[in-house]
Amino acid sequence: MPKNYRAELTGVFGDPVDGNPTGAMEEAGFRARNLNYRYITARVLPEALGAAIAGARAMQMKGFNLTMPHKVRVIPFLDGISEAARAIGAVNTVYRENGRLIGENTDGKGFVEALGMVGVSLDGKRVALLGAGGAAKAIGVECALAGAAKITVVNRNRARGEELAGAILKNTVADAEYLPWEGASSIPACDILVNATPVGLGSGEKPDIDYTGIAPGMVAADVVFNPEWTAFLNEAKSRGATAVTGLGMLACQGARNFELWTGERAPFDAMYEALKAEFAE
Ligand code: NDP
């Protein structure tokens, strides 16, 4: 057999992108499955996104992730996007299908899977979402598509909060509402409370809510993955809630990307361990 030195290419385009840990996770997956794939972490400025996508086509990349500030502006450069990505209004993963570049959003799907890993189903559940940015949109829409009965969006900015509640009502059969976020906001009646803001990222801060509303039996989930155990999750756990970390969500969406790009089952444990190692003290 002649040797094959050609690698299949995947990666991420963003700016800034230096601290993005996804490559460590995906490359660990490729090694575990003995696949000659590479993941390139590339700084792409907003004005160069079109050229980067043309380059990805020219190099026949298997797929790539988009991070800030490209998740929305990438859409016109693609050949198609999934229904969920359209409802969310953003794409974080692109894969190739019959030579066409298709946009998908795996953030919310990763969130739903991370809940499933601790035995939490969304069926008939009431979800309260703190925040209405990109992560909140993906989580809100996917929780609704996964069977949640109601999504309550709590956000400072009214326009963004109402837009997300409206998108859920328009694209899913779930009920949805917006509530303004005022200081030490009381938590709306819910089964699953999600911090979908960056509060707690690299700090001991937690969202300004009334934590006495967290009762045993509830689930608290965070999108923040560094630190893995945020002050929000620790507080919720001390009040008897089941805690779901943002690192689990990140690993689950990474596993989905792996499967879209390689067509093989993701070696989840190897990928999760590699991700954890990136954040070990
Ligand atoms: P965006 O900037 O799109 O949205 C941020 C949201 O948080 C906005 O709704 C904003 O409110 C709200 N917010 C920000 N600061 C505060 C505050 N001090 N108090 C109350 N609300 C606040 O960010 P993203 O949604 O893209 O990212 C959010 C976090 O999710 C980041 O930390 C990111 O790393 C993480 N993330 C994690 C993933 C994972 O797999 N674990 C995947 C994707 C993202 P307003 O609208 O009022 O300004």
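Tutor: Happy to. Let us begin with Phe268 and Tyr272, which are both buried. Keep in mind throughout that this is a predicted model. The two residues sit four apart in helix H9 (residues 268-279), so about one helical turn separates Phe268 from Tyr272.

Searching the whole structure gives seven aromatic pairs. One of them joins Phe13 and Phe64, whose rings are stacked, with 4.8 Å from centre to centre and 25° between the planes. This pair connects distant parts of the chain, since Phe13 belongs to strand S1 (residues 8-14) and Phe64 to strand S3 (residues 63-66), 51 residues apart. Phe13 has a relative accessibility of 7%, so it counts as buried, the limit being under 20%. Phe64 is buried too, because its relative accessible area is 0%. There is also an aromatic cluster, made up of Phe30, Tyr37 and Phe258.

Six strands form an open sheet in the order S2-S1-S3-S5-S6-S4, and the pairing is mixed. Strand S2 (37-43) and strand S4 (80-81) stand at the edges with a single partner strand each, which means that one side of each has no neighbour in the sheet. S1 and S2 run parallel to each other and pair over seven bridges. Within that pairing, Glu8 has Tyr37 in S2 as its bridge partner.

Next, the ligand. It is surrounded by 20 residues, and the closest are Ala132, Ala135, Asn155, Asn157 and Arg160. Two of these can be followed down to single atoms. A polar backbone atom of Ala135 is 2.8 Å from an oxygen atom of the ligand, while a side-chain N or O atom of Arg160 is 2.6 Å from a ligand oxygen. Leu250 also takes part through its backbone, with an N or O atom 3.4 Å from an oxygen atom of the ligand. On its own the ligand has 930 Å² of accessible area, and the protein covers 74% of this.

Asn195 lies in strand S10 (residues 192-195) and counts as buried because its relative accessibility is 0%. Its side chain reaches the backbone oxygen of Val199 at 3.3 Å, and the Asn195 side chain also makes a polar contact with the side chain of Asp222, at 2.9 Å. Ala167, for its part, is found in helix H6 (residues 158-171). With a relative accessible area of 19%, Ala167 is buried, because the limit is under 20%. Between Ala167 and Val141 there are 26 residues of separation in sequence, and their C-alpha atoms are 7.7 Å apart in space.

Definitions and conventions: Residues are numbered from 1 along each chain as its sequence is written. This is a predicted model: local features need pLDDT of at least 70, side-chain atom pairs count only at pLDDT 80 or more; totals for chains, interfaces and linings use all residues. Side-chain values use heavy atoms; hydrogens and water are left out. Rings of Phe, Tyr and Trp (its six-membered ring) pair if their centres lie within 6.5 Å; planes under 30 degrees apart count as stacked, over 60 as edge-to-face and the rest as tilted. Buried means under 20% relative accessible area, exposed over 50%, partly exposed in between (1.4 Å probe, protein chains only). A residue is near a molecule or strand if one of its heavy atoms lies within 4 Å of it. A polar contact is a pair of N or O atoms within 3.5 Å; within protein, one must be able to donate a hydrogen and the other to accept it, and residues adjacent in sequence count only if both atoms are side-chain atoms. Accessible areas come from the Shrake-Rupley method with a 1.4 Å probe; for residues, only the protein chains shown count as cover. Two strands pair if DSSP finds at least two bridges between them.
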